[in-house]
Amino acid sequence: MSLPVLVIKFGTASITLPGGELNKPAMVDIARQVAALHTQYHIVLVSSGAVGAGRGSISNYKGEISQRKAAAAVGNLRLLNLYSRFFDVYGITVAQSLCERHHFANRDQFLQLKDTYEELWSNGIVPIVNENDVVSNRELKFSDNDELATLLAVGFGADVLMLCTSVGGLLDPDGNLIRHVPRLTEAVFGVVRTDKSSMGLGGMASKLTFAKLATRMGIRVVIFGLTEPDSIRKALDGSIGTQIEPQPMTLSARSRWLGSGSLVVGRVRVDAGAAAALQRRNSLLAVGVAEILGEFSAGEVIEIVDETGNALAVAQARISSFDLANLTSRQNIDVANANDIVLL
């Protein structure tokens, strides 16, 4: 029987020391705790820390993009060598998976990635994931590894997405832990502080942004820290950290893939008639497109916004932005078929 999928993301502050060196005791404990869950879940570890681990080897490091790429090239090797050593104690093999945006933006490539992970899981191997920082042309980031972890969780239909943070969960304005969030509303976002760790790219606002996407896709999200013994198990059981409840979801796997707004490569603004037609689950016709925002090809994912710029849906385009702009007659041309549209 197939096991449920569990995605756990560890940020830079969770596994590195203030100077950027890898925190070996923390990584040893992560390996111990994950090993205890290994027979109950198909586990994906998304681990930051490569840039921090490698930057000490780069002379006069100032954080420039080329220096970050070079640091990541060094640091990824160090990171995976330590994970491999610490998991080997429990007889668990780990695999490195370096992802890029196109692995998610193209459905066929994503399915190949998913097949690879399923092969790893069938052999008892734990994939450890990071962005392919060395060749990334978006300044080393999806936006951060919270996004990467969320895309994996959504695409693989994970039961739980766990986001590890140095503060242990979502805190209210008085610094008290908020244990349970039934739904991510504007009021919840309003309590978030905007600071982040000196080593990492993301903060709590980032975590909540992607938690909202995950919960909308039926995934429970847990934000937790590593300060207590057996923190991962306790957070998974709901005794520590912040638990964010999943929302009802009946989308197919393909629709979940489409529904991830992080895959968007372009946008179209539609008139009121087209917006109403979308709500009736109709296709988007070219005649309803008021403005093309950005370039996209046929088969790529676009966002559909209303006249005021509010996001209505995401869809897989059936026509490129170039061809759409140059149509002589727009009346009956499908920009996106109803089967390829997910309402937001």
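# Helix packing, aromatic pairs and a loop

User: Which residues of α2 meet which residues of α4?

Analyst: Lys-24, Met-27, Val-28, Ile-30, Ala-31 and Val-34 of α2 meet Leu-79, Leu-82, Tyr-83, Phe-86 and Phe-87 of α4, where contact means heavy atoms within 4.5 Å. This is a predicted model, in which local features need pLDDT of at least 70 and side-chain atom pairs pLDDT 80 or more, while totals for chains, interfaces and linings use all residues. Residues are numbered from 1 along each chain, and side-chain values use heavy atoms, without hydrogens or water.

User: Why are α2 and α4 called oblique to each other?

Analyst: The axes of α2 (residues 24-37) and α4 (residues 65-88), both helices (DSSP runs of H or I, at least four residues), come within 9 Å and cross at roughly 50 degrees. The axes are lines fitted to C-alpha atoms over the stretch in contact, with angles from 0 to 180 degrees between N-to-C directions. Under 35 degrees is roughly parallel, over 145 roughly antiparallel, 65 to 115 roughly perpendicular and the rest oblique; α2 and α4 are therefore oblique.

User: How many residues of this contact are nonpolar, polar and charged?

Analyst: The contact of α2 with α4 has ten nonpolar residues, no polar ones and one charged residue. Ala, Val, Leu, Ile, Met, Phe, Trp, Tyr, Cys and Pro count as nonpolar, Asp, Glu, Lys and Arg as charged, the others as polar.

User: What makes α7 and α9 roughly parallel?

Analyst: α7 and α9 (residues 204-216) pack at about 10 degrees, with axes 9 Å apart, and α7 is therefore roughly parallel to α9. Asp-146, Glu-147, Thr-150 and Val-154 in α7 meet Ser-206, Lys-207, Phe-210, Leu-213 and Ala-214 in α9. This contact of α7 with α9 has four nonpolar, two polar and three charged residues.

User: Why is the pair of Trp-121 and Phe-156 called edge-to-face, and what kind of pair do Phe-110 and Phe-156 form?

Analyst: Rings of Phe, Tyr and Trp (its six-membered ring) pair if their centres lie within 6.5 Å, with planes under 30 degrees apart stacked, over 60 edge-to-face and the rest tilted. The count comes to six aromatic pairs. Phe-110 and Phe-156 are 5.6 Å centre to centre with 35 degrees between the planes, a tilted pair. Phe-110 lies in α6 (residues 107-122) and Phe-156 in α7 (residues 145-156), so this pair ties together parts 46 residues apart in sequence. The rings of Trp-121 and Phe-156 have centres 5.7 Å apart and planes at 85 degrees, so this pair is edge-to-face. Trp-121 in α6 and Phe-156 in α7 are 35 residues apart. Ring pairs link Phe-104, Phe-110, Tyr-117, Trp-121 and Phe-156 into a cluster.

User: Why is Asp-340 called buried, and what makes Ala-338 partly exposed?

Analyst: Buried means under 20% relative accessible area, exposed over 50%, partly exposed in between (1.4 Å probe, protein chains only). Asp-340 has 9% relative accessibility and therefore counts as buried. Ala-338 has a relative accessible area of 27%, so Ala-338 is partly exposed. Phe-110 and Phe-156 are both buried, and Trp-121 is buried as well.

User: Where is Asp-340 found, and which residues does Asp-340 touch?

Analyst: Asp-340 is in the loop between β14 (334-336) and β15 (341-343), the strands being DSSP runs of E, at least two residues. Not counting residues up to four places away in sequence, Asp-340 touches Arg-254, Leu-258, Val-314, Ala-315, Gln-316 and Arg-318. Ala-338 also has its place in the loop between β14 and β15; with that exclusion, Ala-338 touches Arg-281, Asn-282 and Ser-283.
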